[in-house]
Every structure is written in C-alpha cells, then in structure tokens.
Amino acid sequence: MGTAGVIVDPGDMAAYLREPREAFFGRAPCVVKPRSAREVASVLALCNEAGVGVVPQGGNTGLVGGQTPDESGAQIVLSLQKLDKIREIDPASDTMTVEAGAILANVQAAAEAVGRYFPLSLAAEGSCTIGGNLATNAGGVHVIAYGATRDLALGLEVALADGRLLSGLSKLRKDNTGYDLAHLFIGSEGTLGIITAATLKLFPLPRSRATAFVGLADPRAALKLLTLAKARAGSALVAFELIPRIGVEFTTRHIAGVRDPLAGAHGWYVLMELASPAESGVEDQLTELLGEAMEQGIAEDAALAATLEQRAGLWKLRETMPEAQKPEGVSIKHDVSVPLESIPDFLAEASALVAVHAPGARPTPFGHMGDGNIHYNISQPEGADRVVFLARREEINALVHGLVTKYAGSVSAEHGIGALKRDLLRKVKDPVALELMRAIKSALDPKGILNPGKLL
Ligand SMILES: O=C(O)CC[C@@H](O)C(=O)O
Ligand SMILES: [Zn+2]
C-alpha cells in the first residue's frame with residue numbers, strides 16, 4: 001500500500017479518534033485506509049507479526065465505543081471507507097455483493113436502481129457502512145419484517161488476523177456444509193476478523209406504503225395493537241415503533257419542523273407502517289385495522305399519512321428522538337429487550353423504580369416495540385446538575401438491568417457491547433457462553449490484535 005492510504009497528521013486523524021456522542025476518545029499512531037480486501041489482509045498480517053492492535057472502523061456511527069481506539073496510542077485505526085464498491089447485483093438471485101465500506105444509503109439506492117429493496121434502515125444510514133452494520137448486527141426500524149442485519153446476509157469475505165482472506169461470498173440460500181462461519185463474524189464487532197465484503201439478500205421493492213401515528217393510553221394497549229396488526233397484516237407490517245408522550249414533547253420542542261399530528265395529548269404513541277409490493281391495498285388494510293383498534297378501545301386516536309411529506313414528518317418525529325433528548329440534559333441510556341408480553345410490566349416497574357430512586361428524572365422509553373427492543377433512556381430532572389445526575393449512572397443502570405434480568409431480557413438488544421458494556425457482559429452472560437466466546441476468540445485471533453478491549 002502506498003503512503004497515500006496512511007494518515008498520520010493529528011488534525012486529519014481527529015475525526016477517527018472520537019465517536020459521535022463524544023463519550024469515547026482514543027489515540028493512535030496512524031489511521032490506515034486500505035483500498036482492497038487484499039490490502040486489509042496485508043495490514044493484518046503485518047500487525048499480527050508485530051503484535052499491534054487494530055481497530056476496524058466503518059462510518060464511525062456506533063453507539064458503544066466499539067470503533068474507537070483506546071488511550072494508549074498503541075492501536076491503529078483501520079478505516080474501511082475506501083472499500084466502497086458495489087461489486088455485483090444479481091436480480092435473478094435477488095442478491096448483491098458489496099464491499100464493507102459502502103454507505104448503507106448507497107446500498108439501498110443500488111438495490112432500488114434494479115427494482116429491488118434492501119430493507120436495513122436506521123437513522124445513521126447516510127453515513128454508516130454495511131461492514132459496520134454487519135460487524136455489529138445492526139437493527140433499525142424494519143427488523144419486525146425482515147430481521148436484523150444477520151438475517152440479510154448470505155455470505156462474507158473476511159480478512160483474518162493472520163492475513164488470510166476467507167472467501168465466503170455466496171449467493172446460496174441453502175448450503176448445509178458445516179459450521180456457518182459467516183454468522184460467527186456477524187455481530188462479533190471486529191474481534192474475530194475484518195469483514196471486507198458481503199453478499200446480501202434483496203427483496204421486492206414495496207410499491208405502496210401506509211403509515212399511521214396512533215395515540216394510546218398505555219403500553220398494554222400498544223401490545224394489543226401489535227398483536228392485532230400482526231394478525232391482520234402479517235408480513236406487511238414493516239414497522240412498529242413506540243414513543244411516550246414526553247418524546248412527542250421533546251421532539252416538537254427541539255426539532256425544527258416536527259409537529260404533533262394528533263389533536264389531543266395521549267399517554268403513548270405508536271408509529272406503524274404497512275408496505276407491499278402490490279400497487280395498492282395497504283392503505284385500506286391499515287384503515288380497517290385502525291378502525292377495529294378504535295372499536296375495541298385499543299387506540300384512542302390515529303392520524304394516517306396522506307402524503308409522502310406527512311409520512312416523512314412522522315418518521316422524523318421518531319428518528320430524531322435521540323437528538324431531541326440532548327437539549328434536555330444528560331440521558332442515561334439502556335438499550336434493552338424483553339419478551340413482548342413483558343413489555344408493559346417492564347415499563348411500569350422501571351418507571352416505578354426511577355420514581356423512587358431518582359425522583360424527578362424523566363424516563364423516555366422509545367423504540368422498536370415490535371422487536372421487544374426498548375431504548376429505556378432516562379433524561380435528568382429538569383434543571384438538575386448534569387454532573388450530579390451522570391454520577392448516578394451506574395446505580396441507575398444496575399436498577400434497570402436488574403429488571404431486564406428478571407424478565408429474561410437482553411442488556412444490549414441492538415447497539416452491541418463495544419467498550420461501553422464490556423464489564424456488564426461479564427456480569428450477565430452465561431459463564432459457559434463466555435468460555436466458548438473466549439475459545440473462539442483465541443482460535444481466530446491468538447495474539448489478540450483484533451479490536452482489543454472490545455466485547456470480551
Ligand atoms: O439513542 C438511543 O438510545 C437509540 C438510538 C437508535 O437505536 C434509535 O433507535 O433511535
Ligand atoms: Zn434503535
């Protein structure tokens with residue numbers, strides 16, 4: 001690799017050494033930007049030889065510090081940004097093969113250009129990369145219909161710690177020839193190998209969509225609506241997002257152009273969407289479904305998006321939730337999942353715990369209810385001191401995570417472990433599972449050069 005692919009200037013490196021929330025900062029002797037899978041493998045071979053830690057990085061949008069080097073200054077950052085080609089699209093097989101550094105929005109657009117759909121969708125899609133999505137098994141808003149990133153991949157090309165390249169790009173839907181190695185690397189957060197390319201599944205392009213914003217009394221009503229929507233719409237139900245009243249207040253207060261689409265105030269809201277490759281039909285389906293929900297007393301009110309602009313407005317309200325929390329001060333975040341049936345009890349008990357242990361703190365739980373995944377975020381009490389509230393983070397984390405354990409849930413449903421939840425993982429993961437994870441890690445990366453200090 002020519003020196004053109006190596007950044008050493010501190011000013012130029014800065015953007016690679018801190019993550020978007022600025023919760024993690026690191027130091028590095030250099031940032032390398034290989035241009036091909038072979039070059040990625042060569043960098044790894046050299047680093048393995050020299051025992052130098054390598055931190056892989058895509059769009060640098062991760063939320064748990066997995067993409068940031070530590071403060072030792074001894075780890076290099078390996079950015080995949082230059083591996084951004086769409087290598088092949090095969091509409092007959094409904095697959096596309098893309099390089100790891102391709103930006104998610106570009107992957108979606110390339111699929112659409114041939115009349116296909118790549119359904120992974122999240123707020124960071126304009127800058128996150130498919131390699132990062134795979135490495136972290138990203139979720140987003142369509143998991144309810146299409147699964148997480150894991151479910152969208154057929155095969156991977158991976159650079160291994162010792163410099164070998166695993167060529168596992170495959171279009172096959174059926175291949176029972178032993179261990180599924182691709183799934184080992186997906187969600188491994190760059191600790192087992194560096195994904196350089198992937199063959200992804202494509203789907204029929206939805207030609208009609210219907211989107212509604214529903215006001216409800218409580219999460220139990222939201223659960224009833226979810227059950228009804230699944231029964232009536234089946235796989236046409238492509239999004240089911242929960243938002244509390246305080247979330248509507250935050251977004252309308254802080255985000256330009258966001259308005260509450262409903263006349264009165266409701267305790268909770270659901271943003272739901274149906275989609276279909278058929279040209280029409282889903283609007284009627286959604287109207288009927290909502291009618292039924294009103295009749296049964298499940299929904300209090302609903303607004304259907306009549307135009308693309310209205311639809312965009314509803315999605316903006318949901319997607320700017322994290323941003324709208326920022327001006328309200330510190331937010332103590334929990335990215336959790338529990339079995340669907342336990343969501344109402346979990347939410348009620350968590351709020352009760354917060355009321356007792358952190359009076360005035362404002363729970364703002366929102367997210368992918370259809371997947372059982374709630375971002376149980378807690379904004380500081382109005383006007384409280386940021387530092388004082390932040391100092392209580394571990395104590396509040398323990399309360400919420402204790403409840404997650406009680407309901408047999410996960411303490412990281414979507415964002416991964418990274419550096420942020422490494423200690424937590426050791427506490428909550430089954431010891432046998434941890435042993436197996438460590439055994440796999442030492443088989444694939446015996447010198448521990450791949451994303452050291454993350455996950456395990
Ligand atoms: O900031 C958060 O807690 C959640 C971010 C993201 O996963 C979302 O669903 O909007
Ligand atoms: Zn989310």
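This is a predicted model: local features need pLDDT of at least 70, side-chain atom pairs count only at pLDDT 80 or more; totals for chains, interfaces and linings use all residues.

User: What makes Asn451 count as buried?

Analyst: Residues are numbered from 1 along each chain as its sequence is written, chains are lettered from A and ligands numbered from 1 in the order in which they are written, and side-chain values use heavy atoms, with hydrogens and water left out. Now to your residue: buried means under 20% relative accessible area, exposed over 50%, and partly exposed in between (1.4 Å probe, protein chains only). Asn451 has a relative accessible area of 2%, so Asn451 is buried. Asn451 sits in the segment after α16 (431-444), and has a positive phi of about 40° although it is not a glycine.

User: Where is Asn137, whose phi is also positive?

Analyst: Asn137 is in the loop between α4 (130-135) and α5, and its phi is near 50°. Helices here are DSSP runs of H or I with at least four residues, strands are runs of E with at least two, and both are numbered from the N terminus.

User: How do you know that Thr251 is buried?

Analyst: Its relative accessible area is 0%, so Thr251 gets the label buried. Thr251 belongs to helix α8 (residues 245-254).

User: What makes Thr251 and Gly247 a polar contact?

Analyst: A polar contact is a pair of N or O atoms within 3.5 Å; within protein, one must be able to donate a hydrogen and the other to accept it, and residues adjacent in sequence count only if both atoms are side-chain atoms. Here a polar atom of the Thr251 side chain lies 2.9 Å from the backbone oxygen of Gly247.

User: Why is the pair of Tyr117 and Tyr146 called edge-to-face?

Analyst: A pair of aromatic rings is described by the distance of the centres and the angle of the planes. Rings of Phe, Tyr and Trp (its six-membered ring) pair if their centres lie within 6.5 Å; planes under 30 degrees apart count as stacked, over 60 as edge-to-face and the rest as tilted. Tyr117 and Tyr146 have ring centres 5.6 Å apart and planes at 65°, so the pair is edge-to-face. Tyr117 is in strand β7 (residues 116-117) and Tyr146 in helix α5 (residues 143-146), 29 residues apart. Both Tyr117 and Tyr146 are buried, and together with Phe203 they form one aromatic cluster.

User: What are the values for Phe346 and Tyr376?

Analyst: Their centres are 5.8 Å apart with 80° between the planes, which is again edge-to-face. Phe346 lies in helix α12 (residues 343-357) and Tyr376 in strand β19, so the pair ties together parts 30 residues apart in sequence. Phe346 and Tyr376 are both buried.

User: Which residues are around ligand 1?

Analyst: They are Arg21, Arg318, Pro322, Lys333, Phe366, His368, His375, Asn377, Glu414 and His415; to be near, a residue needs a heavy atom within 4 Å.

User: How do you know that Arg318, Lys333 and His415 make polar contacts with ligand 1?

Analyst: An oxygen atom of ligand 1 is 2.7 Å from a side-chain N or O atom of Arg318. That distance is also 2.7 Å for Lys333, and 2.7 Å for His415.
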